[in-house]
Structures are given as C-alpha cells and as structure tokens.
Amino acid sequence: TMSLTTEEKEHECEPSSNDVLLMKVREQMDNYGIDALVVPTADPHLSEYVSDAFSRRAYLTGFDGSAGTALVTKDNAYLWTDSRYWNQANLQLDSSRWTLMKERLETTPTIPQFVSDLAKTKFNHKTSEVAEPFRLGIDPFVHPASFAKEVETEFKKVFDTLDQENSEEEKNNENLGDCSKFALIDTLDNLPSKEHNLVDLVWGDARPAVPTSPFRVHPIMYAGTSAKDKVSDIITQMKSKSATLSVFSALDDIAYMFNIRATGDVFSCPVGIAYATTAIKNDGSSETKIYCHPDKTKSSDIQSHFAQEGIEIAPYEDIVPYIQTHIQETTKPKVWLDKSHSNYAISRIIPSKCLIDEQNAIVPMKACKNKQELDGMRKAHIHDGAAFAIFASWLENEIVVNKKKISEVEIDLVLTGERAKQPGFVEVSFPTIAGVGANGAIIHYSAQENELMKYLDTNQPILIDSGGQYEYGTTDVTRTLHFGTDDQIKDDFKDAYTRVLKGHIGLDSMIFPEGTPGFVVDVYARQHLWGVGKDYGHGTGHGVGAALNVHEGPMSISPRFGNKEGLKEGMVLSNEPGYYEDGNFGVRIENLLEIVEKNVGSSPSEDKKASQKKFLCFKRLTMIPIQKNLIKLELMTQQELDWIDSYHNEVYEKVSPLVEDGSAAKLWLQKSCSKILRK
C-alpha cells in the first residue's frame, strides 16, 4: 500500500493538473472580486493533524508536509513553510508555478506583511479615485482570529504611511480616511455553499467527505472523573469570571470534557470533529451541548452516556447561531473563549465588550492527570516496552545474524505490527519517523518507498521516533540504534550520542519548585552540547495527553521563554534532546515523564514553614532500554552510569514478565538491561 499512495501523490502533483487547478481557482477569485486567496493547512478546530477533507493546501500545491500556507494572487502562487519542510517543498512544488517562501528567515516577509505590500502596489496603480480596495479572501472557519487581526494591523500600518505621503488637500478629500477603502479581508460569506471556501468550489465532488467516525465512551476506569463532574467544575470557574457561556473548539478539549473518543476523524488522534458549549441561562440553570454530525452519536452507548451526563446533542452547523442567540437573549452576556484556539468565524460574532479571551477551563484540568489516567499511561508504556523488545530483537537478528539490509518502511511496518498485537492498541500516535544515516538528521522525516528511502545495515545508525494510541494511554519514544561493531561506530557519532544522553539524564534528574516554567529547566538538556558549541533546533519536551493527542498544551520544555506555563504535579511531558548533522546522522533519545511530588528536606519532622514550597521531580514512564555500547564512558560521571543501571533495572522488572521466556525478545531485554561495564 505504501508505493500506491506514493504513486497517487506523484499523480496529484503533475504540473499540467496543477496548472488547471490554479487557473480554476483564479477564475473563482475573479468571480468574487478577490485579489489574493490564503489557503492554510487548518481545519475549523485548528487541529495539528487534519483529515483529508481539510487538506486544501496539499490539494492545491501538491506539497503534503504537515505545516504550510499557500497564497494565490492573479499572477503568482506562493507557499510559506518552515525549515523542517524546505527540502520536501522543493521536491513537491512545481517551481514554474510556485515560489517557496522560507518562513522565519529575516528576509522572508510574513503573509500579512506580504499582502499589505500587494495592496499598496494595487493602490499606487489605481486608475481612478474610486478604485476598488484590495480584497484578501479567507475562509473564516480555518483561520484563528489572531490571523485576521495581524492582517488588519499590517493593512492599517501601510495605509497610514500612504496617508502621510498624500498632500493635505487629498486628505480633505476624505477618500483615504477609511482603511477599508484601501484594503480589506473578504470572508467569502456570499459563496453559494455553506462552506466559505473557494478551493472547495474547484475541488467539487472529488473533495473527500468530512469524516463522521462514531464516538465511543471513554470508560470511567480510564478517565477517572465523570463528564458531569468536569462540567460542574467548568460552571464553578465560569461563575467566578461572571461568564454566561463557554465555547470549546479544540477537539481534544471536547474528547476530554465529555469522556469520549473516536478513531478515523483525525489520523493518529483519538478525537472526533465537534464543538461544545456550556451556558448559564438567565434563570441560573445551565445547559451543555455537543455539536456534531448525527452519524457520530448513533450508538445506544453514546446516547445513554450523553443522557446520563446531562449533555444535549445538536447539529454541527448550529454552533454560530447558538452563540448569536445566547448573546441576544442573555441579560448580561459574557462569552469565555480562547481566541488563539478558536476560528475567526466564531470569534468575530462576539462583541469585544462581551468577550473573555483567556485560556479555557479545560486546558489546565486536562494537563494534570488524575490517578486513573496515570495508571493507564503507565500500563501503556509497559506494553509498548514489550512490543519494542520483540521488534528490536527481530531487527538486530536480521541485520547482524542474517546480514540483511532492511528498509525504513519495513522497519515502520514491523514495529507498528508488534504494537498492534498488544492489548487495547488502537493506532499509532503519530506517523513513525524511521531515519537511517543522513535521514535521521531530517527532523520530521517520514519514510516512503521513494528515492529518499534508505536501508539499514551495520554501517550506519537509525533514529526511530514512534508511538501508540492504546485505549488506556498514549506513548511516544525515540531511540537511536547502531548494530555495527565497535570499529564501525564512528567516534563523532558516539560523542554526540553521549552528550545527548547526558542532557537527557540531566533533565530527568531535576528537582524543582512547583510552578517553574518549562524554559527554566530546558538548559539542563542542552548544557553538554553547548559545552562543545553544539545545539538542536527543536524544543526539549511537549505535553502528552492521556489516551489523547500526543502533542498537548499548555506546558512545554523549550528555549522559547514566551511559554510561562508552570510545571505541575500530574503533568506528562517528553524529554527528547537531540543532535543532527546534515547529510550525516541524527541522534535523539526520548522518554515520557510524569511529574510527581518530591519530599526534600533532612527529616520529616523538620519545621514545615522553612520549606513551604512544594518541590517536584520527574518519574519515567517509557520502559525501553538505551543502547549502551554507543556511550563514551570517559565522558560519563559515576552518577550518570548509576542512573542508566537503575533505569535498566526498572525496565527489566516491569517489561520482562510480558515477554516469553527463552524468546529472542527476552534475551535481547536481558542483554540490553544488564549492568554497564565500568572502566
């Protein structure tokens, strides 16, 4: 099946078909008086991964990386994407039609800056006093409110400079007084469909249907708290802010709030497409609704779950009218909505005097896992460890004993196949990254049977970043392996591997006060690389959901000190320092960690007032050995070597009962977890 999808993708990217596509899109732009059209990657819930129905940017450009935004004008077409995807974009874009805009380079303007320049050019070339303003077309359902605001700010900025350039008499002419006569955002509300989307008019019946995978109940034994209790917690918080309505758009927030999951709407994420609201009415009573396609709630299990938890089911399209009605009919309406996680179509209908624009009530609840959620996460990681042991023993045998070369695609299939044999496995938690040699240096590499794909042998390392969604938990782990003999393993690789491992241990061993922001501890993961003038370009840790999305906010561990979210007990984060040498190799070592309370102080009877602060530390969830013969022992301290021994001891204790006695996997586990030989 892999090669088939690759062929399909190549077929989609034929230059001739892209020409026709752009021509048809421009015809529609002309019909609706649009000067430029923005086509982002997002769905109406601003999800990280989107279903095929919302892959409009991939359809239009032929570039299918997970991040990127297209802009089509009357004569040109542009794609903005970040450095992870420049190589892929160069391969997939038809360069005679598309210009790659390299995001975050000093020389690359943002889309709002770029379209403001286009508006200025149009304005300067206008033939009459009453020329039409520059119109930027956007689908309000797939942009956050912040995007519209950035565009309007840039329009105003450029407009103000034009205003100054014009003489006094022209100013009195009043033609310039209003920025909307210069440039404006057109949200395409007059399209013949409900969709607001020009690309859909061109895509027509060939557009994949929006998925309607059924919801299933996430059992209380895994959820730990009932939906009813979560909702009453939300209502308490609403009252403290005088909010009369809370609006939820993020799919994982809704899955968490209602204790429901779905498979098939969004690849690798156990969520379903829906909105939710909780309202406090004029008479003080409350109502909570989920807005989704009727096929999602057909099962009697879900029907009775919603009835029991006091949740009403409404049509997906009702979200906007419901908010409008609430604002009209409520005595003092106050809508609590996080604009950065809500689409513009929803946020634009709320008058600013009625808006509470803050992080919603679910995000911090979801971030701190309860006992049942953590039990499920621990269980998932032990099963994941067993699957990895079976896979790794097979791989080592193929490469070392059978002297085979194994493709990255086969490695992915076999590893996923072993996970699938574990109880409660649902699907992978993100597309597997299996990169041999130089491919390991491509941070978001995904192997397909094409000219980039490599085969693993004893001469080069492999970086494998993979994970599983189980009914009771979510995993995400990276190991860097090398099956060569000592003289095949290069010294610079071992040096980088050891420094990454030292950083991994450094962060893992931290003790810190509750509420410490993630960026404060980030340096512990980088210090041994920094010491030799090396670094890595990604964050060190992201939050992870409990049987939910593998990337979860609001917390992170990264050098971006904009994220001031404090670390708290019950959070689950990744610890994944790395090092990448372009064209050569990549190293990353990743475990998931839970945050637990640490009793510090010399004796329990010590005066508590002296240390009123609550201190925290990390506890490892991932139960997979770290390859020992890649470590340069002379760089390691005794404490770091003790850490490895104690980790491997714990891995063996927890995972070996799940692996058959006398099996290759058991032998691999014994060897991999044996005490490290010290110099």
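Student: Which residues does I464 touch, not counting residues up to four places away in sequence?

Tutor: Contact means heavy atoms within 4.5 Å. By that rule I464 touches F391, I411, L415, I433, A434, V477, T478, R479 and L481. This is a predicted model, in which local features need pLDDT of at least 70, side-chain atom pairs count only at pLDDT 80 or more, and totals for chains, interfaces and linings use all residues. Residues are numbered from 1 along each chain as its sequence is written, and side-chain values use heavy atoms, with hydrogens and water left out.

Student: Where does I464 lie, and is it buried or exposed?

Tutor: Strands (E, at least two residues) are DSSP runs, numbered from the N terminus, as are helices (H or I, at least four). I464 lies in strand β19, residues 462-466. Buried means under 20% relative accessible area, exposed over 50%, and partly exposed in between (1.4 Å probe, protein chains only). I464 has a relative accessible area of 1%, so it is buried.

Student: Which members of the largest nonpolar core touch the most other members?

Tutor: In soluble globular proteins, nonpolar side chains tend to be buried together. A nonpolar core is a set of buried Ala, Val, Leu, Ile, Met, Phe, Trp, Tyr and Cys residues joined through side-chain atoms within 4.5 Å. Here the largest such core has 74 residues, and F391 and I411 touch the most other members. Beyond its neighbours within four places in sequence, F391 is in contact with I411, V414, L415, E418 and I464. A second, separate core of 40 residues includes I234, A276, I280 and F306.
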